[in-house]
Amino acid sequence: MLVLLVDDCPVPVDVRSRDRLLARIRAFRLDAALAAGASPDATVALALRAQLLVRMPVRRDLARTARRILAAAVRGPAGGRLPVPVCRDRVRDCAEELEDLISRLLTAGPVSVRGVAQAQSLLADGASPIYHRASRDNLRARVLAATDALTPA
């Protein structure tokens, strides 16, 4: 059972297997919505995805991915063992900010789902400036935004 906010009133909602399946299938879209600031209490799918994202194992996986990206950028393809190439110069230019993001992801205690969703989108989206040379997004700005957003409200 979940409690959603409907017109600022808490409403209990039963979670079905179908809801869990849809949250998994739509993870990319839900992450984008949460990263943009959607309330995790708005729908069952958003609530389920938010619950998953803020868990420490997920945050550890994101931190591990960021470390592999940094290793690939610094040491080249042999150093990182990534399935896709990274824009090494961009990643090296904001290595310090990525280290801060990693540190914040691994900090014990509550974090904002928006920040985790932003980190997830940045690290997992092939169109992000980490991987896609033609991306006009500023990698440093995106990393800083995710790090800042990790602080719970």
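I began with the surface: the chain has an accessible area of about 8700 Å². Carbon and sulfur atoms account for 53% of that area. I note that this is a predicted model.

Next, burial. I found that 42% of the 153 residues of the chain count as buried.

Then I looked up the charges. The chain carries 24 positive and 16 negative ones. Their mean positions lie 8 Å apart.

**Fold**

I counted nine helices and two strands in the chain. Reading from the N terminus, I get the order β-β-α-α-α-α-α-α-α-α-α.

I looked at contacts between residues at least 6 apart in sequence. Of these, 60% join residues at least 24 apart.

**Dimensions**

Along the principal axes, the C-alpha atoms fill a box of roughly 50 × 30 × 30 Å.

**M1**

Where does M1 sit relative to β1? I place M1 in the segment before that strand, which covers 2–6.

Is M1 buried or exposed? Its relative accessibility is 69%, so M1 counts as exposed, the cut-off being over 50%.

I then listed the contacts of M1, leaving aside neighbours within four places in sequence. The partners are P12, V13, D14 and V15.

Last, I checked M1 against V44. The two are 43 residues apart in sequence. Their C-alpha atoms are 9.7 Å apart in space.

Note on methods
Residues are numbered from 1 along each chain as its sequence is written. This is a predicted model: local features need pLDDT of at least 70, side-chain atom pairs count only at pLDDT 80 or more; totals for chains, interfaces and linings use all residues. Side-chain values use heavy atoms; hydrogens and water are left out. Helices (H or I, at least four residues) and strands (E, at least two) are DSSP runs, numbered from the N terminus. Buried means under 20% relative accessible area, exposed over 50%, partly exposed in between (1.4 Å probe, protein chains only). Contact means heavy atoms within 4.5 Å. Accessible areas come from the Shrake-Rupley method with a 1.4 Å probe; for residues, only the protein chains shown count as cover. Lys and Arg count as positive and Asp and Glu as negative; His and the chain ends are not counted. The place of a charge is taken as NZ of Lys, CZ of Arg, CG of Asp or CD of Glu.
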